[in-house]
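Please keep the sequence and the coordinates at hand while reading.

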There are 2 protein chains.
Amino acid sequence: MPAQANVRAEISALIEHKDLPALKKYLEPWLPLDLAPIIADLPIEELAALFRVSSREVAATTFTYMPLEAQRKVLRALSQDQVAALLNALPPDDRTAFLNELPLDVAMQLLAMLTPDELHVAQSLLAYPEHSVGRMMTLDYVAIRPEWSVRQALDYIREHGFDRETLNMVYIVDEAGHLIDDVRVRRFLLSPLDRPVRELMDGNFTMLSPIDDREKALELFQKFDRVALPVTDENRKLIGIVTVDDMLDVATEEATEDIQKLGGSEALDEPYTTIALSRMVKKRASWLVILFLGEMLTATALKYYEGELEKAIVLSLFLPLVVSSGGNAGSQAATLVIRALALGEFKLRDWWRIMRRELVAGLSLGVILGVIGFLRITIWSYVFPNTYGEHWLLVAATVSTALVGIVLWGSLMGSMLPLLIKRAGFDPATSSAPFIATLVDVTGLIIYFTVALFIMRGTLL
Amino acid sequence: MPAQANVRAEISALIEHKDLPALKKYLEPWLPLDLAPIIADLPIEELAALFRVSSREVAATTFTYMPLEAQRKVLRALSQDQVAALLNALPPDDRTAFLNELPLDVAMQLLAMLTPDELHVAQSLLAYPEHSVGRMMTLDYVAIRPEWSVRQALDYIREHGFDRETLNMVYIVDEAGHLIDDVRVRRFLLSPLDRPVRELMDGNFTMLSPIDDREKALELFQKFDRVALPVTDENRKLIGIVTVDDMLDVATEEATEDIQKLGGSEALDEPYTTIALSRMVKKRASWLVILFLGEMLTATALKYYEGELEKAIVLSLFLPLVVSSGGNAGSQAATLVIRALALGEFKLRDWWRIMRRELVAGLSLGVILGVIGFLRITIWSYVFPNTYGEHWLLVAATVSTALVGIVLWGSLMGSMLPLLIKRAGFDPATSSAPFIATLVDVTGLIIYFTVALFIMRGTLL
């Protein structure tokens with residue numbers, strides 16, 4: 001493939017010379033998928049020229065592969081008639097996705113350009129809530145009647161199936177359009193032509209409702225290994241289908257949301273590289289501020305122990321180490337539990353089993369860190385005498401005992417809080433990180449000073 | 001659906017009464033998918049009875065839906081002949097997945113029970129590295145010749161296609177088996193029967209190599225919206241296909257790995273709820289210890305500032321707050337950048353663009369937290385006079401100035417370190433969290449005390 005810059009230069013030159021036949025010929029071997037990113041940066045007049053010479057089908061496909069900004073540029077560049085032609089040629093689900101990105105008034109203007117049929121399609125898709133199955137479904141499917149023969153079905157498909165989004169599944173409906181079954185196209189291919197469609201049915205199918213959340217669709221696709229699932233209304237009437245290729249995007253987007261939330265931010269809902277800076281700062285600031293307000297409690301707690309700190313300044317040296325170890329253990333446990341919850345590995349009523357596991361795990365991890373901490377202080381005190389004063393052994397005992405307690409506490413909080421938060425009806429991925437960080441840090445301090453008061457009373461304190 | 005316990009009791013009763021015909025009849029309406037989890041807990045003799053009365057096909061499908069432990073129980077319960085029949089009836093890719101879970105010697109024993117044909121299939125799948133395309137591919141595909149007519153192709157599919165994993169794509173090969181094109185079955189359905197296959201081809205297809213990583217396959221599936229992709233050897237000979245339903249699992253597993261790594265743990269590679277506790281503790285301890293060793297540098301840094309701490313004990317009150325804010329900002333930025341990298345949103349050479357964005361974002365976030373910190377100390381000092389001494393204004397200035405610097409620093413490190421780590425050839429998700437936590441905490445302390453020395457010199461310090 002020639003370098004993008006060369007291609008752009010070549011296209012620009014052809015447009016400048018108004019050599020539209022040569023331009024058409026130059027574009028012919030390109031796939032819309034490859035062409036879209038290359039032409040996205042072209043000036044607006046050149047984009048308009050490009051879309052005018054392309055066939056309606058190629059133009060529509062190329063359009064679906066372009067970034068939103070470039071799509072809007074294209075629409076500004078084209079005449080009303082050309083926009084209408086392009087919009088009408090777009091696949092319904094891509095058109096919905098595009099319209100959803102636009103401000104409402106712009107979307108309405110564009111909707112007005114659709115033919116009555118396409119408008120009906122677009123409106124029915126847009127009426128469903130965001131992230132619902134209704135937004136993702138396509139109305140291009142093949143529905144046939146159970147009393148037909150395989151030959152009739154294949155003939156029907158051959159005649160009517162050209163625009164259909166997926167031909168891997170055929171839907172069997174009664175005269176009122178109620179879904180009776182879905183059958184893989186392969187079964188039609190593998191059956192004698194005179195067999196009735198009814199005999200190919202196994203009555204085994206799964207339906208989605210248009211108001212189902214897309215996460216539910218994802219779950220069903222993963223469970224049933226289907227390439228498409230039918231969407232029906234409350235009367236079981238077939239109203240559309242959802243295809244598996246859209247599910248890959250859903251799986252990726254849902255994971256991205258969870259990852260961003262676990263990272264202590266609101267979900268960006270837009271690519272990191274293109275989201276407006278002000279919008280990103282807003283989404284990041286909200287949780288950062290909540291975390292900050294929570295962490296302020298550490299200053300309050302420390303103020304309470306100010307007297308101890310003054311007497312044994314050595315305690316403050318290990319403050320960040322001890323506190324952050326609890327935080328690390330907590331976020332580790334929380335991440336594992338939240339992901340396992342998202343994957344449906346266990347139910348809330350299994351909390352006791354999780355807690356028992358985390359008790360053992362947290363204790364083991366705490367002992368490991370405690371031993372290392374003890375060794376560190378001991379070795380330093382031998383190698384650099386007087387680093388931690390004459391009572392270094394007490395310091396070592398305090399730090400390592402506190403570590404065991406704090407890591408155990410962090411693991412328990414990290415694993416149990418997400419369950420509580422889910423029980424209360426909130427998204428564990430959203431709310432756990434800040435609560436755990438705050439809770440573990442503040443209580444970690446209290447554990448640290450309590451252990452210190454116990455071990456050092458009469459000597460340092 | 002009746003409650004699981006009832007079903008199990010019913011099955012047990014029928015087996016106890018040796019009423020195998022009634023058992024067979026009772027099981028008939030069940031789908032393997034629904035049956036598998038219910039029977040997984042049955043005692044070993046009852047499982048054996050169940051598998052003996054089921055048809056070979058139903059037994060094999062039920063087997064694929066059972067958890068690994070139950071699968072092993074079934075194999076122990078059956079006779080050698082029955083095991084051989086079951087293994088030979090399993091779909092090749094499910095068999096590979098199962099064999100991969102077993103210890104090598106057990107897997108080898110089982111391999112020996114396969115028919116020569118199935119053994120060949122299993123071995124060729126097992127020879128590929130873990131997480132490679134070769135491990136996921138199935139050898140059940142339909143390959144036809146370009147000189148055939150559509151009618152010949154459809155007849156061939158009708159005759160030979162019964163065992164094929166996917167019939168959505170048909171592969172066109174030359175006489176030596178080299179892949180020439182892939183064509184959707186729908187095109188065959190939509191074309192006149194006497195049209196030559198050659199005319200249905202568009203020469204536009206994408207291949208995978210069996211040693212490609214499954215992440216690459218996922219990327220291609222997402223880019224091209226295909227239900228199956230062909231796998232070819234170095235000579236472009238067709239050796240298998242990979243289907244999109246397996247990709248949904250890959251997308252979920254890869255996201256789980258990244259989430260667990262970002263949470264400061266090794267990827268568990270097993271469900272959280274079933275992994276052996278010792279193995280989980282090992283995987284969690286490794287990173288927790290590395291983090292701990294890194295965080296020890298905070299004790300070293302604080303030792304260096306012990307004199308300042310002694311003079312102004314008030315500084316230690318805000319130590320955890322200031323340090324953890326830097327850590328939060330850093331992990332937030334790192335999470336966003338690592339996910340954007342994983343999604344291919346930008347390339348390493350775009351680092352300067354990312355850095356510019358993080359400069360602005362980090363500065364804004366730092367100023368927001370700085371202002372809140374300043375207000376907190378000011379208000380407290382008015383409401384509870386003498387909390388932070390007579391120089392509370394200097395304390396407020398120190399904390400808020402340090403916050404701006406530390407949050408900015410955290411955002412920059414959080415966004416740039418993953419890029420450096422990726423540049424060095426490592427997985428940014430694995431290695432970033434500990435490095436960023438350590439780096440931001442230690443440098444955060446230095447920033448804090450440097451600001452303090454600058455602002456408080458001559459008064460508190």
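The sections below proceed from the conventions to the chains, and then to individual elements and residues.

## Basis of the model

The model is predicted: local features need pLDDT of at least 70, side-chain atom pairs count only at pLDDT 80 or more, and totals for chains, interfaces and linings use all residues. Residues are numbered from 1 along each chain as its sequence is written, while chains are lettered from A and ligands numbered from 1 in the order in which they are written.

## Domains and chain arrangement

Chain A is assigned domain 1 (4-127), domain 2 (143-251) and domain 3 (277-456); such bounds come from an automatic or database domain assignment. Between the C-alpha centres of domain 2 and domain 3 of chain A the separation is 52 Å.

Two copies of a chain are related by a rotation about an axis and a shift along it. Here, chain A is superposed on chain B by a rotation of 180 degrees with 0.1 Å of shift along the axis, at an RMSD of 0.3 Å. This is the relation of a two-fold axis.

## The interface

Chain A and chain B each contribute 87 residues to the contact. On the side of chain A that touches chain B, these comprise 50 nonpolar, 21 polar and 16 charged residues. In this classification Ala, Val, Leu, Ile, Met, Phe, Trp, Tyr, Cys and Pro are nonpolar, Asp, Glu, Lys and Arg are charged, and the others, Gly among them, are polar. Residues are in contact if their C-beta atoms, placed from the backbone, lie within 7 Å. Because 100% of the interface residues of chain A are also interface residues in chain B, the copies meet through the same surface.

Leu154(A) belongs to helix 12 (residues 150-160) of chain A. Apart from neighbours within four places in sequence, Leu154(A) is in contact with Phe188(A) and Leu189(B). With 22 C-beta neighbours inside 10 Å, Leu154(A) is buried. A residue is buried if 20 or more other C-beta atoms lie within 10 Å of its own, exposed if 12 or fewer, and partly exposed in between, with C-beta atoms placed from the backbone.

## Helix 19 of chain B

Helix 19 (residues 319-342) of chain B has 24 residues and spans 34 Å from its first C-alpha to its last, close to the expected 34 Å. That expectation is 1.5 Å times one less than the number of residues. Helices (H or I, at least four residues) and strands (E, at least two) are DSSP runs, numbered from the N terminus. Since 23 of its 24 residues are buried, helix 19 of chain B is largely enclosed by the rest of the structure. Gly344(B), which follows the helix, has a positive phi near 70 degrees.

## A hairpin in chain A

Strand 4 (residues 228-232) of chain A runs antiparallel to strand 5 (residues 238-243) of chain A, with five bridges joining them; strands pair if DSSP finds at least two bridges between them. Val231(A) has Gly240(A) as its bridge partner in strand 5. Five residues separate the two strands of this hairpin, and Arg236(A) in the turn has a positive phi of about 70 degrees.

Ala228(A), Pro230(A) and Thr232(A) point one way from strand 4 of chain A, whereas Leu229(A) and Val231(A) point the other way, and all are buried.

## Asp269 in both chains

Most residues other than glycine have a negative phi. Asp269(A), however, has a positive phi of about 65 degrees, and phi of Asp269(B) is near 65 degrees. Asp269(A) lies in the loop between helix 15 (244-262) and helix 16 (277-304) of chain A. With 13 C-beta neighbours inside 10 Å, Asp269(A) is partly exposed.

Key: Two residues are in contact if their C-beta atoms, placed from the backbone, lie within 7 Å. Copies are superposed by least squares on the C-alpha atoms of residues with pLDDT of at least 70 in both.
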